[in-house]
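Please look over the structure below before reading the notes that come after it. The notes are arranged by topic.

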Amino acid sequence: MTAPLRALRSGRLRALAGKEFRQIFRDRRLVLSLTVAPVVQLLLFGSVLNANVSNVSLGVVDESRTPESRELVADLTQSQAFRLGGYYVSAGRLGDALGRGAVDAGVVIPYDFARDLVRGRPATVQFLLNATNVNTAQISRAYAQGVIQAYDAGLAAQGLHAAFTQIAATPVSGRGTIQLDPAFLFNPALESSWFVTTGIFGMLMILNGTIISSTVMLREREFGTIEQLLMSPASTAEIMLAKFVPVSLLLSAMALGALGLMRLAFGVPVHGSLVVVLGGAVLCLLAGVGLGTMLATFTQSAAQAFLMVLFINPPLVSLSGALMPVEAMPKWLQPLTVLNPIYHFARIARGALIKGAGFEALWPNFLALLAFTTALVALSVWRFRRQLG
Amino acid sequence: MGRTLAQARKELTQLVRDRLSLVLALALPVGLLLLLGRAFSLSVADVPIVVQDLDASTASQGLIDAFRASRTFHVVSWPPDRQPDQALASNAARAALIIPPHFGRDVARGVPSPVQLQADGTDANTAKLVSGDAAEVVAAYNARTAGAGHPAPVQAAIRLWYNPGESPQKFYGPGIFVMAVSIFPALLATLAMAKEGEQQTILQVYVSSVSASEFLLGKILAFMAVALAETVILVGLLVTTFGVGFAGDPTPFLAATVLYAFCVAAFGTMVGAAIPNQAAAMQAVAFGGFLLVLLLSGLLFPIANIPAGLRWISNVVWGRYYIEVVRDALLQGGGWAAMWDKVLIIGAIGAVFYAAAWRTMRRMQVRA
């Protein structure tokens with residue numbers, strides 16, 4: 001490590017780094033990748049990737065046509081979950097509408113609905129859900145169950161008929177019913193953008209870091225100026241360091257900007273320590289720089305490097321838990337996430353920003369990121385120096 | 001016509017000679033479908049949950065066993081002297097079930113007995129699924145212990161149509177297929193077109209007797225062939241390993257596929273003609289093909305969830321219409337009655353791309 005230290009003193013490094021800064025700022029494509037791209041990606045992903053299920057259009061077949069059935073329909077459509085998609089005369093017509101995509105769900109209230117209730121017999125209401133989108137179907141099912149349970153409880157309370165009270169009351173001799181009180185910690189309003197933006201944050205640093213650093217590393221080779229650099233008194237260590245430092249500094253500025261944007265545009269809280277988040281961010285972007293430098297040693301031009309990014313991009317993003325929960329992946333894919341820097345950074349960002357967790361809870365993720373970063377940077381420097389020499 | 005076909009044959013010969021392009025054209029879409037089609041899912045299973053049982057009675061044990069038996073939850077042990085919300089903060093669990101003291105006594109006396117569920121709200125969608133599933137576990141437990149004599153007055157019989165096994169693969173698989181067909185043929189077309197501009201071989205075309213439309217159509221035809229070959233391979237994979245099949249009339253799908261192949265090849269050619277620099281043109285296609293189709297086409301989440309200020313953009317995203325046609329053909333089977341307008345729109349967007357590419361080409365020709 002004596003060579004970089006000597007380089008720091010000589011002032012040559014400062015001159016070389018200054019040259020890199022000027023070159024980066026002159027390249028319009030790089031400036032766009034550092035400024036416009038992260039802003040657009042954060043805003044777009046954060047506002048668009050929203051799994052929220054609300055206002056599912058509900059088609060209604062009311063064969064009962066009684067005050068009781070109309071009340072059930074009103075309960076269903078007044079909730080945030082469903083909105084009235086139209087009335088249909090028969091279950092067959094409702095099925096056609098579901099197939100055409102005119103409605104996403106349907107409810108069929110049988111003709112003996114009110115009569116059964118008045119007589120104290122249980123009545124069954126049929127729900128049809130379009131399960132093409134599994135998530136929407138699962139959440140709609142929970143909503144439908146919830147509305148029906150509330151309707152059951154309401155029957156006992158209103159006491160329209162003596163029979164209602166009788167059927168809906170808890171059995172006197174039986175056991176007490178269990179009531180579940182759900183509470184949502186860390187994000188009581190269930191803002192879905194918090195999860196997505198913290199995941200995209202890590203993705204930005206790895207992907208943009210890769211593209212920018214590979215372009216910077218490849219430029220000398222593309223323009224054939226590498227020989228001139230090698231003939232100058234600068235050592236290979238100085239040349240490498242002068243390329244690493246400006247890229248890392250600019251990416252750190254991008255990370256700070258992204259953090260500010262998350263706070264301003266999406267209201268992502270900062271419950272923990274900013275030092276922890278920024279420390280994780282620097283490790284993560286260094287991993288991206290290392291990856292980009294490595295790619296640069298395998299390719300000849302910026303176009304080829306970009307193609308390589310396309311190869312590694314899908315597995316990195318899809319196996320990171322950045323956009324979707326890791327628990328939803330197939331079992332055999334889940335262990336692979338441990339090898340992904342985006343996964344570890346997303347844990348750090350979510351822990352420190354949303355949950356207020358400190359270093360004592362997040363150190364395993366830091367350790368993993370540190371290991372990746374060291375390995376990637378060391379490997380890429382070794383390969384790059386060998387190619388320069 | 002002969003010159004157009006010759007141009008198409010030249011493009012395909014160039015493609016087969018370049019091994020990287022060939023991998024990009026055939027292997028990468030397959031890898032993308034197999035990986036993303038399986039990894040994309042929101043349906044969590046085996047969510048770790050910690051239980052704090054302050055009662056330790058047979059009743060509380062029965063409730064915990066009901067959670068253990070559910071497919072959604074996976075009960076993990078947690079030291080009783082530590083706060084359960086620490087388990088959520090340290091990622092050891094996604095939810096915590098807290099059973100209060102005297103729970104067993106209250107249940108036996110017939111008094112309504114509350115239990116608390118704390119869910120990690122960081123991931124809002126998972127939190128909703130977790131609390132919905134926990135409510136179902138508790139409702140089933142209540143129904144079982146209340147006995148057969150006392151069913152709830154109104155019961156919901158829920159039927160899931162088109163995807164009764166609730167397999168997320170059947171939803172995301174067709175979407176990933178559309179994404180792959182949107183990116184790779186367009187990318188290859190862009191590379192081919194931008195290369196002609198970068199290496200100035202386009203000048204040879206200008207001085208030859210090939211007209212602008214013959215040249216463009218030849219290129220588009222070649223990359224349509226790539227897109228159609230990908231479609232055959234990927235739909236084959238979808239049918240064999242993702243458990244989907246044609247539900248009803250496949251002709252709207254066939255018509256839409258040919259038009260969509262034209263649309264993406266024309267898009268790639270248009271970008272390549274406008275930006276004669278391979279790296280920059282590729283970034284533009286990655287933005288158009290990847291970001292727009294991934295985010296604004298309803299591939300992952302419903303279009304209705306996009307904020308209104310951005311939602312209008314999805315009306316011109318070509319992938320959106322093709323995704324609807326593919327999902328309809330493979331899952332719902334609505335046929336021409338439901339899909340005719342989507343097929344027409346795909347054709348119209350393709351025509352716009354072609355016209356734009358032709359105009360750029362003519363203007364360059366005049367300048368050169």
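This is a predicted model: local features need pLDDT of at least 70, side-chain atom pairs count only at pLDDT 80 or more; totals for chains, interfaces and linings use all residues.

The contact between its two sides takes 96 residues from chain B and 86 residues from chain A. The largest nonpolar core has 238 residues.

- On the side of chain B that touches chain A, the largest share comes from helix H6 (residues 124-146) of chain B, with 16 residues.
- The residues on this side of chain B divide into 58 nonpolar, 26 polar and twelve charged.

**Strands**

- Strand S4 (residues 123-130) of chain A has eight residues, and six of them are buried, so this strand is largely enclosed by the rest of the structure.
- Within chain A, strand S3 (residues 105-109) pairs with S4(A) in the antiparallel sense over four bridges.
- In this pairing, A:Gly106 stands opposite A:Leu128 in S4(A).
- S4(A) is also joined to strand S5 (residues 154-161) of chain B, by eight bridges, and these two strands run parallel.
- Here A:Asn130 stands opposite B:Trp161 in S5(B).
- Strand S5 (residues 178-185) of chain A and strand S4 (residues 113-120) of chain B run parallel and are joined by eight bridges.
- A:Phe184 stands opposite B:Ala119 in S4(B).

**Nonpolar core**

- In the largest nonpolar core, the residues with the most contacts inside it are B:Cys263 and B:Ile346.
- Helix H7 (residues 168-198) of chain B gives the most to this core, with 18 residues.
- Leaving aside neighbours within four places in sequence, B:Cys263 is in contact with B:Trp318, B:Ile346, B:Ile349, B:Gly350 and B:Phe353.
- In soluble globular proteins, nonpolar side chains tend to be buried together.

**Helix H3 of chain B**

- Helix H3 (residues 58-69) of chain B has twelve residues, which at 1.5 Å a residue should span 16 Å; the C-alpha atoms at its ends are 16 Å apart, in agreement with this.
- B:Ala59, B:Ser60, B:Leu63 and B:Phe67 are the buried residues of H3(B).
- These residues lie on the same side of H3(B), because they cover an arc of only 100° around the axis.
- B:Thr58, B:Asp65 and B:Ala69 are exposed on the other side of H3(B).
- B:Asp65 counts as exposed because it has 12 C-beta neighbours inside 10 Å, and a residue is exposed if it has 12 or fewer.
- B:Asp65 and B:Tyr141 are 76 residues apart along the chain, and their C-alpha atoms are separated by 9.9 Å.

Notes
Residues are numbered from 1 along each chain as its sequence is written. Chains are lettered from A and ligands numbered from 1 in the order in which they are written. The expected span of a helix is 1.5 Å times one less than its number of residues. A residue is buried if 20 or more other C-beta atoms lie within 10 Å of its own, exposed if 12 or fewer, and partly exposed in between; C-beta atoms are placed from the backbone. The arc is that of the directions from the helix axis to the C-beta atoms. Two residues are in contact if their C-beta atoms, placed from the backbone, lie within 7 Å. Ala, Val, Leu, Ile, Met, Phe, Trp, Tyr, Cys and Pro count as nonpolar, Asp, Glu, Lys and Arg as charged, and the others, Gly among them, as polar. Two strands pair if DSSP finds at least two bridges between them. A nonpolar core is a set of buried Ala, Val, Leu, Ile, Met, Phe, Trp, Tyr and Cys residues joined through C-beta atoms within 7 Å.
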